[in-house]
Every structure is written in C-alpha cells, then in structure tokens.
Amino acid sequence: MHTTRTNAARILIVDDDPALGIVLEALLRQAGYLPRVVQSAEAAQAAIEQHAVDAILSDVKMPGMDGLDLLTVLGERRPDLPVVLITAHGTVPLAVEAMKRGAADFLLKPFDRDEILFVMRKVLAAGERAASAAPRLPPGGLVGESSAMKEVRALVERCARGQATIMIRGESGTGKEVVARAVHEASPRRDGPLVKIHCAALPETLLESELFGYERGAFTGAATTKPGRVELADGGTLFLDEIGDIPLPMQVKLLRLIQEKELERLGGRQTLRVDVRFVVATHRPLEQMMARGEFREDLFYRINVVPIWLPPLRERSGDVALLAQRFCATHGLRNGRPDAAVDDDAIALLAAQPWPGNVRQLENFVERLVVLSDDPHIGVADVEKELARQGVPAARPAQSSERLNLDERRRQTELSALQDALKESRNNRTVAARLLGVSRRTLYTKLEEHGLL
Ligand SMILES: Nc1ncnc2c1ncn2[C@@H]1O[C@H](COP(=O)(O)OP(=O)(O)OP(=O)(O)O)[C@@H](O)[C@H]1O
Ligand SMILES: [Mg+2]
C-alpha cells in the first residue's frame, strides 16, 4: 500500500545503460523523489524484496530478462506497483503490448525531463488513489453459482460478440473489473488489447491527455507525440473504470468519442478513427447524479446499452463457499501452501459475514487465513481468530429455523438498512435518519437495539 507523499515516492530505475541510469537518478532526485538504480530486471526483482518501492521506471531492451518480462513477473507478485517502461521511438506496437501486460505507462525515447516528471507524477497519483490491485480474470472465469452470477455469465456470453457498450454496476469489490475482462476474453477482440483507464484516479487535465494523447508541444512536458489510451485500444476493448467520476466537461468529450469513435489528440488537427469496444463501470448512483445535474443524460443513455448488475456479496452468500475455496487454492499455491483447505463449518461462518468490501474483502481475508495459519486445514477457530483480530464481531451462521423466522428476518433487514444508512451518510446521524425516513430519536433507539451505538 502506498503511504508516501508523491514527492517522497521511492522509484526504482532499471536500466542496463549505467549512463542513463545516472541521468535518470539525478533527475528524479532533484525533483524530490527517492530513486534507486539497478542494472537488470533480475536485480530489480531482488531490490523490491529488500526495499520499499512505490514505482518502477524500466528500460525495455536489456540483456537477460527484458522490461516486458519484468512486467509480467511483477503483475503476478506486485500488481499494485506501477511500472513505466522506456521504449525506443517508433515502437508503438511494443507500447501496446506493454499496456496489455499491465504497464502503468510508457515513455518514448528520446524524452525530456518534464515529460518524465509528468508521467511519474501521474502514475504515482493514480497508484495512490487506486490502491487496489488490478484483478486478473480468475483461471476458472467468474466464480459463483448463485442465480445472479449465472445471469451475469449468460449476459457476458451473449453480449461479448457485439459492439454494444456494456455498463457494469455494483458496489466496490463486487467484481466489476473481472467482468470487464471476461467480456474482452469472450469477445472476438480477445487477441487485441484490453486497455483500462481509471477515471477517478486522475485529475481532469491528465485524464484528457491520457485518453486522447497529445501532439508534441501541446503543453509543457509534451516533448514527444504520444498516442492516448483510446488509440492504444484500437482493435480491442477500452475499459473506462469509475466512469461516474468523470467531470462534466470531459463527459461531453467522451460522449462524442463513444458516439463517433473519432478523436483528435490534444494539440492535434487530424481526426483519428478508432475501432474500439467500450466497457464502463461505476459504483455510483448515476440516476441520482443525473437528477442532480452531475451526470449527463445523453452520456448515460449512450453507455447504458447493456447494463450488468453485480449484487453485493451479502445478497449472494451462497457464492461464498465456491469463492473461498477458489481463493484458498490460488493463494495456497502462491504462498507455498498447495494443500490449504477450508472446512465446511468455517465456510458456513464465512458465509454468515456481511462482507461490506464484498469479494475483494473475502479474498483478502482468505489470503490472510492461508498465510497465517500453521495448519493447512483451516477451521472455525482460525476464522474466529482472524475476525477478532480485525475487530469484527463474528456473525453466527443462521440455523434454518432461525433463517425462516419472520422476526429474525425483520431484525436482519433492519440491521443491514441501518448499516447501509450509516455508511452512506458517513456516520452523520441526522443524514442517516433522513435516508431511513425516521426521526433521529427512532434512529437512536434502533441503533441501541442493534448494538450500533
Ligand atoms: N466472481 C468472481 N470470481 C472470482 N474472483 C472474483 C469474482 N469477483 C471478484 N473477484 C475477485 O475479487 C477482487 C475484486 O474484484 P474487482 O476488482 O473486479 O472488483 P470491482 O467491482 O472492480 O471493485 P472496485 O469498485 O473496488 O474497483 C479481485 O481480486 C477479483 O479477482
Ligand atoms: Mg474496479
């Protein structure tokens, strides 16, 4: 996780050319970063084990393991670490390959000081905000046999072939990015690039240059002409993540792009046509935002062609078992514990938890269980211990008599409504009471009843 301020960020420079290494190091140091130089991808791997690193700036062409290989390895081990690759001028296909493999960005040689700083600042800012790791499509595809997940899979299969824009909605951690990947993989574009842009992580001006690219000299720092992500996605899929966070002026530009599939680079005159399939995602209530004038209606109707809703995990707790087993297997393998397994009672206990952070939270939880448990066999006691460590009171798995009991059902519903209202109001009780349509006094009584005061 990134805890550093952007200016004190630690950047690992990987370049086999010692002279270039020295130049880059001096430049980044002068700008207030904490750089470190190594001369091979192998040395870079060792360095990130030993030192804290916030970003990597790596040459592509190196003897032994090259920059792209390094990217692949890091994608497995440190998907949170942004990697910027330095590529020779005129190698845009290589840049596309790099973006496909998860590079945060690339610099085309020759570059200048302002451009490097511009890119590093942007990548670090994005990394800090989007602290979550980019998910890869799980090997078995989308896990889950709940009717909701079955429906999602059917929709993905049905719509992947076409061109229609897909809008994936759901709370944080419900698997929106996994679905976006599944759409790309199931589509005839699967051999083309899947390019992602995290719209919430970038300030407006950066978002624009990121999407549309720029011509040399378009602004300070634009030392070379650079294609934007839209161009890089040509022939493939462009995933616009957190589209609800795009400022209004950019929404207009995006609408034109999605409608016409045309764009100009910043500072450019030529209109470029692209062949791109759009997949967008958001956890925001776009309908409410439209009513408040924060999201354009025309854009909404343009992107809401195929909506896919991902319900929160607590509404498909039947999926917890399969997910937990899957995460246990994958993290077990990754952490040298291939025989790790969660027993049935422990699964029932997991399934009873509310998981406000949804599948991502469950995954992190199971990973911790796998790593911390001394025994490959994970039982109820291990789950209880980890819940306690995290300060979460363990919700007991419901017996069927309890589940079907009307009072108990009502109590559960009330509890989750209270929790949702507190979350949405950021613990502001006046606002929470209004959201729930009750008086503040009633809210207090209810909070007390449920032990939430
Ligand atoms: N159905 C699923 N099967 C397997 N793994 C899943 C599934 N859904 C989510 N995951 C895993 O859970 C984690 C979170 O998923 P993802 O990043 O796609 O969520 P998100 O909705 O994009 O979240 P956010 O809004 O926070 O970006 C990832 O590691 C992903 O691999
Ligand atoms: Mg996401």
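1. Let's start with Arg 36, which sits in strand 2, residues 34–38. Keep in mind that this is a predicted model.

2. Who does Arg 36 touch? Setting aside neighbours within four places in sequence, Arg 36 is in contact with Ile 11, Leu 12, Ile 13 and His 51. With His 51 there is also a side-chain to side-chain polar contact of 3.2 Å. Glu 25 is 11 residues away from Arg 36 in sequence, and their C-alpha atoms are 6.9 Å apart.

3. On to ligand 1. It has 20 residues around it, and the closest are Ser 172, Gly 173, Lys 176, Arg 360 and Glu 363. By type, the shell splits into nine nonpolar, seven charged and four polar residues.

4. Some atom pairs worth a look: a polar side-chain atom of Arg 360 is 2.7 Å from an oxygen atom of ligand 1. Backbone N or O atoms turn up too, with one from Gly 175 at 3.1 Å from a ligand oxygen and one from Val 143 at 3.0 Å from a ligand nitrogen. On its own, ligand 1 has 630 Å² of accessible area, and the protein covers 92% of that.

5. Which elements give two or more residues to the shell around ligand 1? They are helix 7 (176–186), helix 13 (320–334) and helix 15 (358–372). Ligand 1 lies between domain 2 (147–311) and domain 3 (314–389), because both give residues to its shell.

Definitions and conventions: Residues numbered from 1 in each chain as written. Chains lettered and ligands numbered in written order. Predicted model: local features only at pLDDT ≥ 70, side-chain atom pairs only at ≥ 80, totals over all residues. Heavy atoms only, no water. Near = heavy atom within 4 Å. Polar contact = N/O pair within 3.5 Å; in protein donor to acceptor, adjacent residues only side chain to side chain. Areas by Shrake-Rupley, 256 points an atom, 1.4 Å probe, with all protein chains shown as cover. Helix = DSSP H or I, 4+ residues; strand = E, 2+ residues; numbered from the N terminus. Nonpolar A, V, L, I, M, F, W, Y, C, P; charged D, E, K, R; others polar. Domains from an automatic or database assignment. Contact = heavy atoms within 4.5 Å.
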